Amino acid sequence: MFTTEKGVVEEWLSEFKTLRETSLPNYATNLKDRSSLVSSLYKVIQEPQSELLEPVCHQLFEFYRSGEEQLLRFTLQFLPELIWCYLAISTSRNVHSSGCIEALLLGVYNLEIVDRQGHSKVLSFTIPSLSKPSVYHEPSSIGSMALTESALSQHGLSKVMYSGPHPQREMLTAQNRFEVLTFLLLCYNAALTYMPSVSLQSLCQICSRICVCGYPRQHVRKYKGVSSRIPVSSGFMVQMLTGIYFALYSGEWELAQKALDDIIYRAQLELYPEPLLVANAIKASLPPSAMKSSKEGTRCIQVEITPTSSRISRNAVTSMSIRGHRWKRHGRNRASRQSRAIINLDTVTCWNLQSRFKYDHSVKSVSKI
């Protein structure tokens, strides 16, 4: 670490201590534009033996619990690098070097699992239904859906999944390590739209390293440093894929695609069905060429939205529409029966008139004779 970078970090550590609470919002807004500070902090985190690592971790934790949204996101951008450093140190069994990083990760975890009143959070997620249109699909394009009694009974119902409450943790062990890290990645993914490019690049790089270290592909990727295998859980890999999927469409096509291939490689070795399902679905939906996306512009996934009002009006089946269809059918049958009765009546009347005309004509003929 150069002297200039060390001076930038030391100045950042000292200026926050003398900062007034009234000037905190302006300080937080201007902090994200200091690219030299961000790069210097990354170098401090990547050096476990650095004397600045402990005060930097303490400062990042103060940012996170300050309640200022911009400061919270500033700390979150370093989360992938912090997770990688912790896993790399834990595999080398040098527990004392990861003490401050472990304390920071635990502090962020314990703050996120409770609300402002100190009550445990319960996260909920509504599983979307394929019978309803969205920006990703049209029900009519999937194919004909059989209209059964069970399908009608479940129409409009949504399934909600819950996560939590999560227990407080005082230390990271082999049993709870990936439970905590998975939840931290979930918090990071919730703020993906606010993460700068350098954070997305770090995410892609650490995902590749975690998945290939200790395996033959490590020599292909030419990763140096950690040579032992890093254990991962299925849920942790799914959270990694969430961030990689966003990075693919946010200007990090090459790094994200390399990380996606490495995650598939590791999931196949571990025989994890959930990461394999998600990763293969992402890979199958990728365009044939690289996405041209501006790194500084608005980050979004480009989709083609087609008007759905006409399709909904033709395809939507409800109890009222079925009842109305029955009424129309009964009315049509009644009208056809009435029309047939009128036709028969007209036919009989015409036949009677013809018969009467013939009879009158015959009577007149007889009277003349």
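The structure holds twelve aromatic pairs. Rings of Phe, Tyr and Trp (its six-membered ring) pair if their centres lie within 6.5 Å; planes under 30 degrees apart count as stacked, over 60 as edge-to-face and the rest as tilted. One of the pairs joins W12 and F74. Their ring centres are 6.4 Å apart and their planes stand at 45°, so the pair is tilted. The two residues come from distant parts of the chain, with W12 in helix α1 (residues 3-17) and F74 in helix α5 (residues 69-76), 62 residues apart. Helices (H or I, at least four residues) are DSSP runs, numbered from the N terminus.

The model is predicted: local features need pLDDT of at least 70, side-chain atom pairs count only at pLDDT 80 or more, and totals for chains, interfaces and linings use all residues. Residues are numbered from 1 along each chain as its sequence is written, and side-chain values use heavy atoms, with hydrogens and water left out.

W12 is buried, at 0% relative accessibility. F74 is buried as well, at 4%. Here buried means under 20% relative accessible area, exposed over 50%, and partly exposed in between (1.4 Å probe, protein chains only). Y245 and Y249 form another aromatic pair, which is edge-to-face. Their centres lie 5.6 Å apart, with 90° between the planes. Y245 is partly exposed, with a relative accessible area of 26%. Y249 is buried, at 8%. W12 and F74 also belong to one aromatic cluster, together with F16, Y27, Y42, F63 and F78.

Two arginines lie over tyrosine rings. R73 sits over the face of Y194, at 3.5 Å from the ring centre. R217 lies over the face of Y265, at 4.3 Å from the ring centre. The criterion for a charge over a ring is NZ of Lys or CZ of Arg within 6 Å of the ring centre and within 35 degrees of the ring normal.

The largest nonpolar core has 92 residues. Such a core is a set of buried Ala, Val, Leu, Ile, Met, Phe, Trp, Tyr and Cys residues joined through side-chain atoms within 4.5 Å. W12, F74 and I101 have the most contacts inside this core. Helix α6 (residues 79-91) supplies the largest share of the core, nine residues. Leaving aside residues up to four places away in sequence, I101 touches L53, C57, L82, C85, Y86 and I89. Contact means heavy atoms within 4.5 Å.

Zero disulfides are found in a search of the whole structure. A disulfide is a pair of cysteine sulfur atoms within 2.5 Å. For C213, the nearest cysteine sulfur is that of C211, 9.4 Å away. C213 is buried, at 2% relative accessibility. C187 is also buried, with a relative accessible area of 11%.

Side chains of opposite charge can pair when their charged atoms come close. The whole structure contains eleven salt bridges. A salt bridge is a side-chain nitrogen of Lys or Arg within 4 Å of a carboxyl oxygen of Asp or Glu. K6 and E51 meet in one of them (2.8 Å, N to O). K6 lies in helix α1 and E51 in the loop between α3 (35-45) and α4 (53-64), so the pair ties together parts that are 45 residues apart in sequence. K6 is partly exposed, with a relative accessible area of 30%. E51 is exposed, at 58%.

D262 takes part in a salt bridge with R217 (2.9 Å, N to O). D262 lies in helix α14 and R217 in helix α12, so this pair ties together parts that are 45 residues apart in sequence. D262 also meets R221 in a salt bridge (2.8 Å, N to O). Here too the pair links distant parts of the chain, with D262 in helix α14 and R221 in helix α12, 41 residues apart. D262 is buried, at 0% relative accessibility. R217 is partly exposed, at 24%. R221 is partly exposed, at 24%.

K222 has a positive phi near 60° and is not a glycine. K222 sits in the loop between α12 (217-221) and α13 (234-248), and is exposed, with a relative accessible area of 69%. L271 has a positive phi of about 60° although it is not a glycine. L271 is found in the loop between α14 (253-270) and α15 (273-285), and is exposed, at 67%.
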